[in-house]
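Hi everyone, thanks for coming. Let me put the model up, and then we can walk through it together.

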Amino acid sequence: MEIVLITGMSGSGKSVALHALEDAGFYCVDNLPPELLLPFVELEKQHKVHRLAIAMDVRSATSLPLVPQQLDVLRDQGVVVKLLFLDSATDTLVRRYSETRRKHPLSQYEPTNAQRDERRALIDAIELERELLAALREQAHVIDSSIIRPSQLQGYVKALISAPDGQLTLVFESFAFKRGVPSDADYVFDVRMLPNPHYEPELKQLTGRDQPVIEFLQAQEEVALMQHHIAHFLENWLDVLARDHRSYVTVAIGCTGGQHRSVYLVEQLAKRFKDQWVTLKRHREIDAI
């Protein structure tokens with residue numbers, strides 16, 4: 001049996017992720033109380049269900065501390081367990097709640113016209129939720145949904161669950177600093193000091209996956225040196241991380257616009273490491289186009 005457990009911040013896209021897994025052939029259950037996890041899995045085994053996706057959230061706050069031990073029990077039974085945590089920036093969550101006029105599950109306020117009091121109460125509820133979910137976040141693969149579209153999130157989830165089990169998965173992600181650093185990154189490399197194809201008129205509208213941009217960047221000594229330094233760092237530490245039972249490591253590489261330099265380096269590094277580790281690529285900015 002394979003189980004994907006989805007948790008994370010309220011408003012961060014857990015329903016979107018659950019729909020993606022349903023499309024991928026998983027039997028999905030939303031807001032399962034942690035106390036029912038083990039009995040529910042046993043029941044589904046009897047029903048010959050092989051792929052389960054379960055969403056849990058802060059509405060089960062008092063029993064969430066049970067979950068890590070329950071997951072260990074399932075792994076000891078031979079169940080393949082993947083834990084995904086969806087996160088978003090506080091400002092993004094506040095905006096989403098304001099637009100929908102929904103009430104946060106931990107909030108004590110009732111929607112009124114007192115906007116300042118509402119916002120403060122909502123921020124307090126979000127920060128409390130972060131504290132309650134911190135232990136699960138530490139054990140999970142985190143996806144930052146702050147500025148990605150639902151279709152991007154669905155694609156990321158499907159790519160993660162399709163990765164082989166039992167070994168570390170290396171995720172390379174390009175991004176634009178002008179739109180913020182992804183909160184799901186384990187390591188962040190800033191490559192804004194490298195020569196920028198954006199200032200070459202014939203390259204401006206292309207990306208780091210296009211051959212003219214590739215040739216331009218391959219001709220720059222600084223780019224080759226940066227690529228070597230990042231690769232050398234990862235080669236020294238990935239084995240250590242794998243021995244520490246890390247399932248996922250996300251390496252984020254950022255430039256100004258997330259179109260050229262960061263995209264190129266993600267492509268090159270993914271190519272370099274794909275024979276050693278399960279390797280996935282994300283391009284936050286150009287995937288959104």
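How do the axes of helix α2 and helix α3 cross, and within what distance do they come? Before I answer, some housekeeping: this is a predicted model, where local features need pLDDT of at least 70 and side-chain atom pairs count only at pLDDT 80 or more, while totals for chains, interfaces and linings use all residues. Residues are numbered from 1 along each chain as its sequence is written, and side-chain values use heavy atoms, with hydrogens and water left out.

Now the answer: the axes of α2 (residues 37–46) and α3 (residues 67–76) come within 10 Å and cross at roughly 30 degrees. Axes here are lines fitted to C-alpha atoms, for helices over the stretch in contact, with angles from 0 to 180 degrees between N-to-C directions. Helices (H or I, at least four residues) and strands (E, at least two) are DSSP runs, numbered from the N terminus. The two helices are therefore roughly parallel to each other; angles under 35 degrees count as that, over 145 as roughly antiparallel, 65 to 115 as roughly perpendicular and the rest as oblique.

Who touches whom? L37, L38 and V41 in α2 meet Q70, L71, V73 and L74 in α3, contact being heavy atoms within 4.5 Å. Those residues divide into six nonpolar, one polar and no charged. Nonpolar covers Ala, Val, Leu, Ile, Met, Phe, Trp, Tyr, Cys and Pro; charged covers Asp, Glu, Lys and Arg; the others, Gly among them, are polar.

Next, helix α1 (residues 14–23): its axis and that of α6 come within 9 Å and cross at roughly 55 degrees. That makes α1 oblique to α6. The contact has eight nonpolar, two polar and two charged residues, and V16 and L21 are among those that α1 contributes.

On to the sheet. Four strands form an open sheet in the order β7-β8-β6-β9, with parallel pairing; strands pair if DSSP finds at least two bridges between them. At the edges are β7 (187–190) and β9 (278–283), each pairing on one side only. From one strand to the next, the twist averages 20 degrees. Strand β6 (residues 169–176) and strand β8 (residues 248–255) pair over eight bridges, with S174 opposite I253 in β8.

Two helices lie across β6, β8 and β9: α6 (residues 150–162), at about 175 degrees to β9, and α9 (residues 261–273), at about 170 degrees to β6. That's my tour, thanks!
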